[in-house]
Amino acid sequence: MLRVMTWISLRLGRRAGRVVLHLIASYFLLFAPASRRASRNYLRRALGRPPRWRDLYQHFFTFAATIHDRVYLVNHRFELFDFEVHGEDTLRRLLAGGKGLFLMGAHLGSFEVIRALGRRDTDLRVAMVMHQDNAQKINAMLAAINPEAVQDIIGLGHIDSMLKLRERLDEGGVVGMLADRTPGNDILYPVPILGTNANLPSGPFRTAALLRRPVVFMTGLYLGGNRYAIHFDPLADFSTVARGQRDAAVEAAIARYAALLDHYCRTAPYNWFNFFDFWQPAPTATPPKAG
Amino acid sequence: MQDNQKPTVSSTAALQREVAELMIECLNLEVTADQITPDAPLYGDGLGLDSIDVLEAALEVSKRYGLQLRSDSEDNKHIFSSLRSLSDYIAAQRTR
């Protein structure tokens, strides 16, 4: 199925592929009540008004469009797109340190445009870290689109992947994570996003704190047509944080991350791709680790 | 490199205790060294560590005993499965 879609997209062009996207967005709008409910709950917060059907449609279409564009980006068809990049100076300054850094994004916009930008403009390679099951799924998908792209995904889960991640950083590399979802038993922090507390996982930030690296926020927002706006914002720097101050620094970083999510959700509301109840209360009380 | 060889040296109770204390201190665990059974799993049900905790312990242990940990070593899963296997590995590979 994915191979067929990839073939249509690459042979018949982006415009033909996008006709299919309208069908996909319509399908979700009509036949996916759970996603529709999640979309409506989110859009009410982000837009500050009751969402209309066309808002929901726009939301699903944006999601489908970014996934579709991944086919081109993974195949290096950068000339099809118009990227505007904000905050590149910050990124370059921190990279010049040579000790690597973390890029933390969210299910907000497209992270593939950021990886693509790295490949196009520099020899910078962003290795995305994600939970093992997702890593396998994504690797299978990338293999269908472009076999060369596979190696840039690190599956999280046990000590090997953590050591691999550290080796990447030691080589001055960039490690990307989507820090808005938890893979499982993680310590959660309640932080306000769009006016209501959401529970964010602490794992990504604990990892960055433990490995004492700078963290830069990233998002690749889809603006419609062939336009993307890529943003890099300084988020935290754990380079000099001692062990005793680590928990407080992690907490501050999560608060800053939440504020950035809040900001970009309001700026580009249709780019939020968490189609589930993101603001649900934590299943059990999970206080931060003592000490 | 001896990375892929199974350690042939068994750790002593004293070393196991030392490693347990190192982990308790570095991870702020609310147990005493006596309470950590050598064969209980470090992950999940045993000590309840997650992969970030295990990484922290791994970094601490490698610094203390001069070990070279590598991501492509096939034994990592075994080494970090319990206090005993970790201590056995240290006993076999330590450089200080």
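1. The coordinates come from a predicted model. Every value in this note is to be read with that in mind.

2. Chain B. Chain B contains four helices and zero strands, and its pattern along the sequence is α-α-α-α. For 96 residues, a compact globule would have a radius of gyration near 12 Å, and chain B, with 12 Å, agrees with this. Along the principal axes, the C-alpha atoms of chain B occupy a box of roughly 35 × 25 × 20 Å.

3. Burial and contacts within chain B. Of the 96 residues in chain B, 31% are buried. When contacts in chain B between residues at least 6 apart in sequence are considered, 73% link residues at least 24 apart.

4. The contact between the chains. Chain A contributes 17 residues to the contact and chain B contributes 15 residues. On the side of chain A that touches chain B, helix 8 (159-170) and helix 9 (203-210) each provide at least two residues. Helix 8 of chain A gives the largest share of that side, six residues. Sorted by class, the side of chain A that touches chain B comprises six nonpolar, six polar and five charged residues.

5. Helix 9 of chain A. How many residues of helix 9 of chain A are buried? Eight of its eight residues are, and the helix is described as mostly covered. These buried residues are A:Gly203, A:Pro204, A:Phe205, A:Arg206, A:Thr207, A:Ala208, A:Ala209 and A:Leu210. Their cover includes strand 2 (101-105), strand 5, strand 7 (196-201), strand 8 (214-224) and helix 10 of chain A, together with helix 2 (51-65) of chain B. After helix 9 of chain A comes A:Arg212, which has a positive phi, near 55 degrees.

6. The largest nonpolar core. In general, nonpolar side chains tend to be buried together in soluble globular proteins. The largest nonpolar core here has 98 residues, of which A:Met104, A:Val215, A:Val216, A:Leu235, A:Tyr257 and A:Leu261 touch the most other members. Helix 10 (residues 246-267) of chain A supplies the largest share of this core, nine residues. Apart from neighbours within four places in sequence, A:Met104 contacts A:Met177, A:Ala179, A:Pro204, A:Val215, A:Phe217, A:Met218, A:Leu235 and A:Tyr257.

7. A:Gly176. This residue lies in strand 5 (residues 174-178) of chain A. Is A:Gly176 buried or exposed? A:Gly176 is buried, because 24 other C-beta atoms lie within 10 Å, where 20 or more are required. Residues up to four places away in sequence aside, A:Gly176 touches A:Leu103, A:Gly105, A:Phe111, A:Val126, A:Ala127, A:Met128 and A:Val129. Of these partners, A:Val126 is 50 residues away along the chain, and its C-alpha atom is separated from that of A:Gly176 by 6.2 Å.

8. Helices 3 and 4 of chain A. Helix 3 (residues 33-47) and helix 4 (residues 53-74) of chain A pack at an angle of about 105 degrees, and their axes are 10 Å apart. Helix 3 of chain A is therefore roughly perpendicular to helix 4 of chain A. At their contact, A:Arg36, A:Ser39, A:Arg40, A:Leu43 and A:Leu47 of helix 3 meet A:Asp55, A:Leu56 and A:His59 of helix 4. By class, this contact holds three nonpolar, two polar and three charged residues.

Terms used:
Residues numbered from 1 in each chain as written. Chains lettered and ligands numbered in written order. Predicted model: local features only at pLDDT ≥ 70, side-chain atom pairs only at ≥ 80, totals over all residues. Contact = placed C-beta atoms within 7 Å. Nonpolar A, V, L, I, M, F, W, Y, C, P; charged D, E, K, R; others polar. Axes fitted to C-alpha atoms, helices over the stretch in contact; angles between N-to-C directions. Parallel < 35°, antiparallel > 145°, perpendicular 65-115°, else oblique. Buried ≥ 20, exposed ≤ 12 C-beta atoms within 10 Å, placed from the backbone. Core = buried A, V, L, I, M, F, W, Y, C linked by C-beta atoms within 7 Å. Rg over C-alpha atoms; globule rule 2.2 N^0.38 Å.
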